[in-house]
Number of protein chains: 2
Amino acid sequence: MKKYIVVQKYGGSSVANIERIRAVARRVVATKTGSNHLVVVVSALGDTTDELEAMALKLSRDPSDREMDMLMSTGEQISCALLAIAVKQCGHDAISFTGPQVGIKTDHSHTKARIETISGRRIRKALAENKIVIVAGYQGVTDENEITTLGRGGSDLTAVALAKALRARVCEIYTDVQGIYTTDPRIEPKAKKIKTITFEEMLEMASLGAQVMQARSIEVAKKYNIPIHVRSSFSKEEGTMIVKKNEKMEEIAVRGVTCNKSEAKITICAVPDQTGIAAKIFTDISKMDVNVDMIVQNVSHTKLTDISFTVLKSDLPKAIQAAKAVAQKIRAGEVLFDKRIARVSIVGSGMRSHHGIAAKMFQVLAENKINIDMISTSEISISCIISQRHAEKAVRALHQKFGLEALV
Amino acid sequence: MKKYIVVQKYGGSSVANIERIRAVARRVVATKTGSNHLVVVVSALGDTTDELEAMALKLSRDPSDREMDMLMSTGEQISCALLAIAVKQCGHDAISFTGPQVGIKTDHSHTKARIETISGRRIRKALAENKIVIVAGYQGVTDENEITTLGRGGSDLTAVALAKALRARVCEIYTDVQGIYTTDPRIEPKAKKIKTITFEEMLEMASLGAQVMQARSIEVAKKYNIPIHVRSSFSKEEGTMIVKKNEKMEEIAVRGVTCNKSEAKITICAVPDQTGIAAKIFTDISKMDVNVDMIVQNVSHTKLTDISFTVLKSDLPKAIQAAKAVAQKIRAGEVLFDKRIARVSIVGSGMRSHHGIAAKMFQVLAENKINIDMISTSEISISCIISQRHAEKAVRALHQKFGLEALV
């Protein structure tokens, strides 16, 4: 009988210390059966990545990306070797590999490399010898034998890409929460674990603030239709399945509510209302390597208009600088900014067929006397920028009014 | 003008923390001139290697050598990336490489691999771009892309082997002492730094207890006649040159005194004095993977003899077990052991042409009322096993009587 392959990924908190590594090893060995092969992807131990980064930043404010990859990739190499040792100790043969060793070839974009091909030859050979294969997440190698990393959360990507290359039956993402929730349980204790969610809903939730899985890895899973099971490494309960949309799934208008406080708002006032002025502004700002997210241009009654946009708080200083420069250039008015904002969003692929969802959202916020600063919508989400101090109240109210507490 | 190459190696204590890495970077950049190329080999930061090993041993009493190499090689990868970042910050372009990246090919003996070939192609390319090249010490790769390590002190070997492969003018070993001393300055404060020493003397001193450099790397340097400069990373003073013996060097009978407390003595009493009995004993003991060092068989007046030998203290329990088993088999008497011994040795290639050195040594010990347990000699050294509590006194007496305080 041909065995099926399961890829498991354990995050940094699951392997934060020796005792947890031992627990993961026991779990890995317990899930190995006569009819499956296991490939385990592991992140760096707990805070290793942050510690390594801090050391580099003490030596240089701007260390080269190439050297950072040399440095940061060691974290996962340590954890995969330790986990292999622990799995063997639990009585099953195991072997660890670095990303380069299993042929995870990437482009040359250090610190945010993209996977190009995966050979998987060594993995298949080790599986054929009935070994549990442990792979260092987050890393790859260029065709010139340079070590690369895949960006924060890159171990998820390693797991999904390996699941694709090895035609795994499922990719299990083990984390410190029970699965994907209708909203952040720290904000709303009545949040419910979602049993099944579609790739596109999960993508939207991840990009709007749900931090359980890296967005890029969900994109890859969606593209190749690789079922993902997000679950807790500390319990045996089923978690959340992320799958392709199928007919049997209930059409729920709103699957979840997210909240994101990482952005700040900038407004350029009294912008001359001319064709191409927005292009001019955002070309200049993007040259400063600032990622602009939501953009709103107020309806103009005069020849002057206000343009607001959001950026990551960490980019705020250079974004303000760029905005002031461009404002002067185009003879606009003053530049205002607000760091105390939150983006509250509702997500659900059922929105496409349900009407009045947006209106209901605005109404809920109005009932709670929460002022809306900016609005932005996608096909399956609606986001409102509101004052940060109302964020939790907004999340709880939306969660209740859209009936998410009742979901099973 | 063709530039000459200098290989520098910095040990773990030289890069123990961020401040020291910065100091090494400044030193590296200061020694780069218009007429040289620098290749810098670096060990793991301070206690990293011990910490990684301790983690593995918490997970398993007997972790596989292959996984230990995966784990331990990360220490040097971290330090070479950090040093490259620091050197760049000091204003000179630099690039770090792992052992595998520069093509240090080894055999498959994990944890104690032997270097087979070094390609050096990537190093030459980087040097041609006027970069300072930083190489992770202690590690290599097999033809199957398995990561190997070269054993404790392996970074010295990396440095010497690179110096050979790149035809470097000199291999500089930076350490936390000023060079090689006539004896351990912690025992005898009057110890003098040796200006020049031959490869064979250094080899003898290293194998007898001087811990400044790994013995294997001195062998390689001797084989390929690569001059080594052992010096302090904390000062600009010249250290000790290790070179091939040459005519200009003064013939000094005794170059240094060493002391080694890592061994224990085992005696098998009342061994039947038959041909081949020693072979029988030591074949059985070596099967237990015990490294036997000095062996002394007492002159036999009866048909029974005592055989004594020394082993590393760490091997003592299994050595005793093996000795007891073999004693029973050959119908010998009881097995005694003594952990409280020390080996005190004098080393000097001038011994070959000077007579009476051994006699003088025994006389010095006798004058100091120090009993000699065992004696062993090589062409250029004489070692005595004495009681551990007399070790320091013996070292100081020998150092004085052989006039080492007066050496310049």
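Please keep in mind that the model is predicted. A rotation of 180° with 0.1 Å of shift along its axis places chain B on chain A, with an RMSD of 0.1 Å. That is the relation of a two-fold axis. In chain B, two open sheets of four strands are described below, one in the order E15-E16-E14-E17 and one in the order E13-E18-E20-E19.

**How the two chains meet**

- Two copies of a chain are related by a rotation about an axis and a shift along it.
- The same surface serves both copies here, as 100% of the contact residues of chain B recur in chain A.
- If you want to find the rotation axis from chain B, look for B:Thr74, the residue of that chain that comes closest to the axis, at 2.7 Å (C-alpha).
- The contact joins 27 residues of chain B to 27 residues of chain A.
- Helix H1 (18-31), helix H2 (48-59) and helix H3 (65-89) of chain B each supply at least two residues of the side that touches chain A.
- H3(B) gives the most to that side of chain B, with 13 residues.
- Sorted by class, the side of chain B that touches chain A has 15 nonpolar, eight polar and four charged residues.

**The sheet E15-E16-E14-E17 of chain B**

- The pairing in this open sheet of four strands is antiparallel.
- Strand E15 (292-297) and strand E17 (335-338) of chain B stand at the edges with a single partner strand each, so one side of each has no neighbour in the sheet.
- Ignoring direction, neighbouring strands of this sheet are turned by 20° against each other on average.
- Eight bridges link strand E14 (residues 263-272) of chain B with strand E16 (residues 304-312) of chain B, in the antiparallel sense.
- Helix H8 (residues 277-286) of chain B lies across E14, E15 and E16 of chain B, and runs at about 160° to E15(B).

**The sheet E13-E18-E20-E19 of chain B**

- This open sheet of four strands also has antiparallel pairing.
- At its edges stand strand E13 (256-260) and strand E19 (374-378) of chain B; each has a single partner strand, so one side of each is left without a neighbour in the sheet.
- From one strand to the next, the twist averages 20°.
- Strand E18 (residues 341-347) and strand E20 (residues 381-387) of chain B run antiparallel and are joined by seven bridges.
- For B:Ile341, the bridge partner in E20(B) is B:Ser387.
- Helix H6 (residues 199-207) of chain B lies across E13, E18, E19 and E20 of chain B, at about 175° to E18(B).
- Helix H10 (residues 357-367) of chain B lies across E18, E19 and E20 of chain B, at about 20° to E20(B).

**A helix pair in chain A**

- The axes of helix H5 (residues 154-165) and helix H7 (residues 215-224) of chain A come within 8 Å and cross at roughly 15°.
- H5(A) and H7(A) are therefore roughly parallel to each other, and their crossing is left-handed.
- From H5(A), the contact is made by A:Asp156, A:Leu157, A:Val160, A:Ala161 and A:Lys164.
- From H7(A), the contact is made by A:Arg216, A:Ser217, A:Val220, A:Ala221 and A:Tyr224.
- The residues of this contact of H5(A) with H7(A) divide into six nonpolar, one polar and three charged.

Key:
Residues are numbered from 1 along each chain as its sequence is written. Chains are lettered from A and ligands numbered from 1 in the order in which they are written. This is a predicted model: local features need pLDDT of at least 70, side-chain atom pairs count only at pLDDT 80 or more; totals for chains, interfaces and linings use all residues. Two strands pair if DSSP finds at least two bridges between them. Axes are lines fitted to C-alpha atoms, for helices over the stretch in contact, and angles run from 0 to 180 degrees between N-to-C directions. Two residues are in contact if their C-beta atoms, placed from the backbone, lie within 7 Å. Ala, Val, Leu, Ile, Met, Phe, Trp, Tyr, Cys and Pro count as nonpolar, Asp, Glu, Lys and Arg as charged, and the others, Gly among them, as polar. Angles under 35 degrees count as roughly parallel, over 145 as roughly antiparallel, 65 to 115 as roughly perpendicular and the rest as oblique. A crossing is left-handed if the near helix is turned anticlockwise from the far one by less than a right angle, and right-handed if clockwise. Copies are superposed by least squares on the C-alpha atoms of residues with pLDDT of at least 70 in both.
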